[in-house]
2 protein chains.
Amino acid sequence: MSQEMFQKERTLKMRERLIGQSCRLFFPQDPVKIVRARGQYLYDENGTQYLDCISNVHHVGHCHPLVTQAASAQMELLNANARFLHDNIVHYAERLAATLPKKLCIFYFVNSGSEANDLALRLARQYTRNEDVIVLDHAYHGHLTSLIDISPYKFRKLEGQKEWRCFVFMQAPLPDTYRGLYRRDHPNPGQAYADTVKDLIDEAQRKGRKISSFFVESLPSVGGQVILPSGYFPKVAEYVRAAGGVFVADEVQTGFGRVGSHFWAFQLQGEDFCPDIVTMGKPMGNGHPLSCVVTTEEIAGAFTANGVEYFNTFGGNPVSCAIGLAVLDVMEKEDLRGNAVRVGNHLKELLKQLQAKHPIIGDVRGVGLFVGLELVKDRVTLTPATEEAALLVGRLKMKHICLSTDGPWNSVIKFKPPMCFSLEDAERVSAEISHVLRVYEQMNNSGLTQTVSACLPLAPSLISSYEG
Amino acid sequence: MSQEMFQKERTLKMRERLIGQSCRLFFPQDPVKIVRARGQYLYDENGTQYLDCISNVHHVGHCHPLVTQAASAQMELLNANARFLHDNIVHYAERLAATLPKKLCIFYFVNSGSEANDLALRLARQYTRNEDVIVLDHAYHGHLTSLIDISPYKFRKLEGQKEWRCFVFMQAPLPDTYRGLYRRDHPNPGQAYADTVKDLIDEAQRKGRKISSFFVESLPSVGGQVILPSGYFPKVAEYVRAAGGVFVADEVQTGFGRVGSHFWAFQLQGEDFCPDIVTMGKPMGNGHPLSCVVTTEEIAGAFTANGVEYFNTFGGNPVSCAIGLAVLDVMEKEDLRGNAVRVGNHLKELLKQLQAKHPIIGDVRGVGLFVGLELVKDRVTLTPATEEAALLVGRLKMKHICLSTDGPWNSVIKFKPPMCFSLEDAERVSAEISHVLRVYEQMNNSGLTQTVSACLPLAPSLISSYEG
């Protein structure tokens with residue numbers, strides 16, 4: 001095909017030779033070469049179409065023509081840095097402000113979710129003059145030194161590495177009402193989980209430590225597509241603020257209408273709830289490196305008062321902002337939030353029907369197009385079905401459907417497709433899941449699973465969890 | 001004009017209201033609104049042309065049509081993440097490898113110079129298992145938490161802020177042969193400055209500390225456009241490696257042929273010299289957020305061996321790499337390195353002629369299109385002419401020439417224009433500098449300087465140093 005420069009085998013060899021092996025390939029034992037994409041569909045070098053159920057970055061659909069046109073037009077005109085006045089950055093900030101509570105009104109544009117979370121940490125520490133941080137267990141907030149330090153998902157795997165961290169860092173239990181400390185049968189899990197944060201704060205204060213911030217994804221993603229119990233954020237915010245800290249909502253994976261009913265996932269916790277800092281990223285530029293931090297006048301004021309300029313070379317440039325504006329336009333024009341509600345509900349309904357048929361499906365949860373399917377070996381013990389989840393993802397890949405696993409045991413199948421995902425796509429993927437599980441159950445019953453497992457192209461340990 | 005959405009006054013008000021004030025404007029008291037750019041020329045909302053002498057990011061010229069075309073074509077086709085195989089990332093890595101010593105052959109693509117330097121720090125620490133860092137005095141390596149910690153230029157201004165740093169951090173004297181510890185009359189300043197690093201290492205070792213890395217810009221930029229004495233890097237590398245550390249060359253501002261004679265500024269230190277890690281950024285994507293870390297197989301291997309995936313959402317995506325490839329193509333096609341040699345030499349020659357006429361010009365230095373003009377109140381005491389440098393930049397702005405100051409006292413006028421800067425541009429800017437200095441000297445002689453200073457639109461303290 002003309003869209004290939006090298007044959008796949010050569011591309012793979014060059015990749016192995018030239019690119020750091022820490023940068024892992026999807027399906028490492030049989031990687032996919034993608035040369036073209038449109039909407040929710042990816043195409044490999046032979047023209048085979050894959051259904052993309054995971055690229056939340058390509059929010060309004062891969063290669064949306066209106067986004068490409070906006071980028072090209074602005075690239076032809078100007079792409080200077082934000083030290084010069086330009087309309088795009090202020091227009092874009094104003095459009096974003098309209099989606100947020102009034103209090104969140106000061107914007108900093110950066111290039112990645114990691115840059116946004118690092119800046120949020122700097123803002124929180126400068127404003128509070130405290131350094132300690134509370135995060136959720138199994139959280140992931142980015143790949144930078146400062147963020148690995150507060151991401152149990154990452155640093156826990158760093159065997160033998162010294163701890164460089166010089167501040168106190170606390171992990172609150174993941175408020176997972178399916179398998180966590182407090183479950184759906186608890187009368188008030190939101191309050192109960194918030195109290196676990198309060199306990200950490202009390203303990204820290206007894207030791208004379210001071211909290212700078214509570215950092216949390218509005219819906220924990222690598223934690224396993226967790227939907228937080230109601231009342232959790234307002235209560236935690238109350239405790240954290242009383243202790244002198246600020247509440248940082250990480251919307252890098254969950255923002256921009258993914259949950260359908262609201263523009264931001266933190267808004268699921270009530271119209272009155274307002275974080276002190278919100279970070280945004282992945283879907284913001286539909287693949288273009290564009291991210292943002294928004295905060296209050298007070299916090300921004302404290303950061304300005306330190307007298308040090310914050311200059312981000314590419315942050316808020318006219319091209320990035322033109323792309324961000326185009327993404328907002330497409331979302332409105334194509335009613336993608338409405339689509340997320342409709343398709344997300346239908347998908348959940350289909351998956352719940354599968355749950356009734358397949359005992360391995362322990363839980364189906366989600367809001368909008370943020371959906372998780374948790375596999376368990378046993379519905380009473382909730383033993384994670386890690387291997388089965390990997391086998392399912394491997395089988396679906398053979399059916400040209402891209403899905404991946406997440407959660408502490410990689411036992412949660414996650415859906416976070418481009419927002420143009422259709423009812424038919426939902427039906428196709430649920431039918432294929434049902435088919436794979438049926439075959440698996442038949443083989444399991446006849447003692448054939450071992451053999452099947454050996455024949456599949458993927459060893460579970462080789463499937464990387466997919467924080468992207 | 002059709003390129004404006006809001007009138008300038010309104011843009012400014014929106015900017016003040018919506019964008020963090022730590023993100024400063026260029027010429028804050030009379031900011032410039034730029035709506036269009038091409039090559040080395042910027043155009044404001046009234047169509048007034050400004051000569052751009054500072055935008056090193058827009059390396060092959062603002063809005064180069066071949067770069068825009070490459071970006072648009074790839075955006076229409078695919079912009080998936082680097083977990084899928086793609087030709088662009090490996091082709092681009094191979095093209096970059098051809099410019100580097102053979103040993104530097106493993107690439108990590110990221111979105112900004114700051115992300116690159118943070119990753120370099122992680123690589124160095126993982127490989128050496130040490131944590132301490134040596135940098136140069138007045139160095140700047142980025143805006144992230146981990147980099148502010150090693151950037152005296154930034155953290156020194158953070159009055160009253162606690163030191164979060166939990167590793168030992170040492171600052172070696174800036175090897176500035178104009179006003180530093182060892183000057184041009186020294187028989188071997190390269191060796192003498194390298195020995196100051198050796199002294200720091202010895203002192204650290206006496207205290208039982210261990211060096212992870214020596215971090216250095218191949219030509220210190222915010223340090224004042226400093227040209228390092230020959231022999232400095234090889235000697236420092238020898239000392240640092242003997243102490244178990246690695247040598248990190250920060251080429252974020254200086255790479256991609258800016259120095260003309262070589263592709264990388266570290267190559268000015270000899271054909272045999274090879275850093276252990278090189279970071280690159282600003283000019284790489286001609287304004288698009290694209291950066292990179294390259295290192296050796298050994299260091300990359302140690303990073304892989306920690307078992308933790310490095311996933312950078314946007315890093316190395318097909319659009320970024322297509323843009324990077326187009327920048328390399330334009331550089332070759334238009335012989336921009338040759339142009340940097342020719343125009344840079346001519347500019348230096350013209351500035352040296354001015355130096356002979358104007359006592360305030362203490363030093364003219366540079367390689368290729370990386371040039372500094374240092375102003376002093378007195379050629380014997382070398383007292384920095386900070387206020388005069390600000391006045392000169394302000395006056396040149398009124399002549400529609402964009403320049404800025406740098407160095408510990410903001411007394412160095414720096415040139416790092418797009419690489420298509422022409423002989424005529426060099427003549428125009430040197431003629432205007434000469435004119436401003438002549439007027440200034442006349443007024444100074446007649447005691448009018450105070451009045452002039454009061455009439456100028458810029459107070460020196462309001463001109464921000466420009467690390468961009």
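Between domain 1 of chain A and domain 2 of chain A there are two salt bridges, a salt bridge being a side-chain nitrogen of Lys or Arg within 4 Å of a carboxyl oxygen of Asp or Glu. The model is predicted: local features need pLDDT of at least 70, side-chain atom pairs count only at pLDDT 80 or more, and totals for chains, interfaces and linings use all residues. Residues are numbered from 1 along each chain as its sequence is written, chains are lettered from A and ligands numbered from 1 in the order in which they are written, and side-chain values use heavy atoms, with hydrogens and water left out.

**Domain layout**
- In chain A, an automatic or database assignment gives domain 1 as 8–60 + 335–462 and domain 2 as 65–333.
- Their C-alpha centres are 27 Å apart.

**Domain interface**
- Asp363(A) and Arg184(A) form a salt bridge through their side chains, at 2.8 Å from N to O.
- About 3,000 Å² is buried between the two domains of chain A, with 56% from carbon and sulfur atoms; buried area is the accessible area (1.4 Å probe) that two parts lose on being put together, summed over both.
- His59(A), Arg337(A) and Phe370(A) provide 24% of the area that domain 1 of chain A buries against domain 2 of chain A, more than any other three residues.

**Cysteines**
- Over all chains there are zero disulfides, counted as pairs of cysteine sulfur atoms within 2.5 Å.
- Cys105(A) is in no disulfide, and the nearest cysteine sulfur, in Cys274(A), is 9.5 Å away.
- Cys402(B) is likewise in no disulfide, with the sulfur of Cys53(B) nearest at 7.6 Å.
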